Amino acid sequence: MRIKEINDGMRVYLNLEETIFLRRFMEHGYLENGYLDEREQEVASELVNKCVLKRARSNGRVVYVENFGSQRTKYSQED
């Protein structure tokens, strides 16, 4: 389990699958829903529910972008 800090110190637990997805997301800055397979879409939705990502529309397409309150660099590993 990893912890991501969002919105003024609020912490969210991320499982390994979510952490790997988020690292991939950070390489691109955003991800289009159309390029994600079914499982990745589910993981993206889970991250939206945890307020880590935000679902938005761009040129008629659904994209996932970082939630503005989240902080990219604050990760810690739970012991």
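Is leucine 36 buried or exposed? Leucine 36 is buried, with a relative accessible area of 5%. Buried is under 20% relative accessible area, exposed is over 50%, and partly exposed lies in between (1.4 Å probe, protein chains only).

1. **Basis.** This is a predicted model: local features need pLDDT of at least 70, side-chain atom pairs count only at pLDDT 80 or more, and totals for chains, interfaces and linings use all residues. Residues are numbered from 1 along each chain as its sequence is written, and side-chain values use heavy atoms, with hydrogens and water left out.

2. **Confidence.** pLDDT is the predictor's confidence in each residue, from 0 to 100. The chain has a mean of 81, and 82% of its residues reach 70 or more. Among the elements, H2 has the highest mean (94) and strand S6 (residues 70–77) the lowest (43). The pLDDT is below 50 over residues 71–79; this stretch has 21 contacts in the model beyond near neighbours in sequence. Contact means heavy atoms within 4.5 Å.

3. **Sheet.** Three strands form an open sheet in the order S3-S5-S4, with antiparallel pairing. Strands S3 (30–32) and S4 (53–58) stand at the edges, each with a single partner strand, so one side of each is left without a neighbour in the sheet. Neighbouring strands are turned by 30 degrees against each other on average, direction ignored. S3 is joined to S5 (residues 61–66) by three bridges. Tyrosine 30 stands opposite valine 65 in S5. Helices (H or I, at least four residues) and strands (E, at least two) are DSSP runs, numbered from the N terminus; two strands pair if DSSP finds at least two bridges between them.

4. **Helices.** H1 (residues 16–28) lies across S3, S4 and S5, at about 100 degrees to S3. H2 (residues 38–49) lies across S4 and S5, at about 115 degrees to S4. Axes are lines fitted to C-alpha atoms, for helices over the stretch in contact; angles run from 0 to 180 degrees between N-to-C directions.

5. **Core.** The largest nonpolar core has 15 residues, and Phe21, Leu22, Leu47 and Leu53 have the most contacts inside it. Strand S2 (10–14), H1 and H2 each supply at least two of its residues. H2 gives the most, with four. Such a core is a set of buried Ala, Val, Leu, Ile, Met, Phe, Trp, Tyr and Cys residues joined through side-chain atoms within 4.5 Å.

6. **Leucine 36.** This residue lies in the loop between S3 and H2. Leaving aside neighbours within four places in sequence, leucine 36 contacts Phe21, Arg24, Leu31, Gln41, Ala44 and Tyr64.
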